[in-house]
Amino acid sequence: MKYNIAIIKGDGIGPEIVDEALKVLNSIGEKFGHEFCFTEVLAGGAAIDQTGENLPLETIEVCKASDAVLLGAVGGPKWDSLPGQKRPEKALLAIRKELNLYANIRPAVMFKELKESCPIKDEIIGEGIDIVIVRELTGGIYFGERNTHGDYAYDKMEYKKAEIERIARRAFEIAAKRNRKVTSVDKSNVLDTSRLWRKTVEEVAEEYRDIRLNHMYVDNAAMQLVINPKQFDVILTGNMFGDIISDEASMITGSIGMLPSASLGDNNFGMYEPIHGSAPDIAGQNKANPIATILSAAMMLRYTLGLEKEADVVEKAVQKTLEEGYRTADIAKGHEKVLGTREIGKRIVEFID
Ligand code: NAD
């Protein structure tokens, strides 16, 4: 089968980490008989330098015509003095909006080999945590009307039932392939939007009777993530609460260079990217950890292309690389086998082969 993937390498470490993910995809293609056609397009600082715009029209068109998008990271000090709308990072918000990517999926998985990096006590973490956060990405307070009049400012929070239904379905579908539990996080003791959220999630849950659903207020969820993270399987939440909760959950794993994400639209179309930024401090030094990007590619195989087995193979190759003691500098806590970006990518490809 042939798949068209739009590639946005971006800035800083972006090109280095994406190159390793492409090697991984090529090796999966060879092993399983798939053809991945990559079309490289520009966004962010690299696009500004070459075209004067942070998100050229061609990029949007190529992305729309592709099965999925794989992105490194954008931004860096070179473009920091540009005004807000012209900055590289704005390209990401625009691309998510253009492609209607309303579901942000962020797994927070702690590999047992990296337990020392986890800021939470051993007895709480046990063998590790494995949570998926499903965050609504194109509605809620971040997209509501806002204004400032001197000493008065407001941000309006709105949700439509249809917006809640589609994100809730995503969460239940993901839970169906995992441990069959959804925790919906809201603030329904205070907010009307949260009351609509809770009622709608309960209605959607009727379609998924074999999946357990519980509700949690966001303040309690923030606390529970620290004192008992193992109770969670899939967390479903709105845009702002998801923004905060997903960062908290990610950091429990302790390693920014390890965490992938997906932003999905209709028909499983999606954009896949690591959660970290362009790390200008280590760019071009073969030091960046490519694992978050490689795991983002695995998510692409699973969620957009429906290649579950292939995704498993990539994740197992990453696991095996860590088990064998290979690390990039950011996750090496006194470990002997510290490798560069290309070398760790090579190991992962070898384990796939
Ligand atoms: P950052 O995530 O780029 O870096 C934070 C720290 O983590 C740095 O010390 C960096 O070296 C380290 N780090 C990050 N990714 C790593 C990796 N894969 N391997 C090893 N170490 C890694 O965050 P920042 O420094 O706040 O931002 C740098 C630039 O990235 C800024 O321009 C910011 O706007 C942009 N940014 C982009 C995205 C994105 O493209 N999605 C996200 C966040 C930040």
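This is a predicted model: local features need pLDDT of at least 70, side-chain atom pairs count only at pLDDT 80 or more; totals for chains, interfaces and linings use all residues.
I'll start with the layout. The protein is divided into two parts: domain 1 takes in 1-99 together with 277-353, and domain 2 covers 119-252. Between their C-alpha centres there are 26 Å.

Now the ligand. Around the ligand there are 20 residues, and the ones that come nearest are Glu89, Gly277, Ala279, Asp281 and Asn289. Sorted by class, this shell has nine nonpolar residues, seven polar ones and four charged ones.

For Glu89, an N or O atom in the side chain is 2.4 Å from an oxygen atom of the ligand. Ala279 uses its backbone: a polar atom there is 2.8 Å from an oxygen atom of the ligand. With Asn289 the backbone is again involved, and here an N or O atom lies 2.8 Å from a nitrogen atom of the ligand. As for cover, the ligand on its own has 810 Å² of accessible area, and the protein covers 68% of that.

Next, the place where the domains meet. How many residues of domain 1 are in contact with domain 2? Four are, and they touch four residues of domain 2. The area buried between the two domains is about 320 Å², with 74% of it coming from carbon and sulfur atoms. On the domain 1 side, Arg96, Lys97 and Tyr303 supply 79% of the area buried against domain 2, which is more than any other three residues give.

By class, the side of domain 1 that touches domain 2 has one nonpolar residue, no polar ones and three charged ones. What is the count of salt bridges between domain 1 and domain 2? It is zero.

Conventions: Residues are numbered from 1 along each chain as its sequence is written. Side-chain values use heavy atoms; hydrogens and water are left out. A residue is near a molecule or strand if one of its heavy atoms lies within 4 Å of it. A polar contact is a pair of N or O atoms within 3.5 Å; within protein, one must be able to donate a hydrogen and the other to accept it, and residues adjacent in sequence count only if both atoms are side-chain atoms. Accessible areas come from the Shrake-Rupley method with a 1.4 Å probe; for residues, only the protein chains shown count as cover. Ala, Val, Leu, Ile, Met, Phe, Trp, Tyr, Cys and Pro count as nonpolar, Asp, Glu, Lys and Arg as charged, and the others, Gly among them, as polar. Domain bounds come from an automatic or database domain assignment. Contact means heavy atoms within 4.5 Å. Buried area is the accessible area (1.4 Å probe) that two parts lose on being put together, summed over both. A salt bridge is a side-chain nitrogen of Lys or Arg within 4 Å of a carboxyl oxygen of Asp or Glu.
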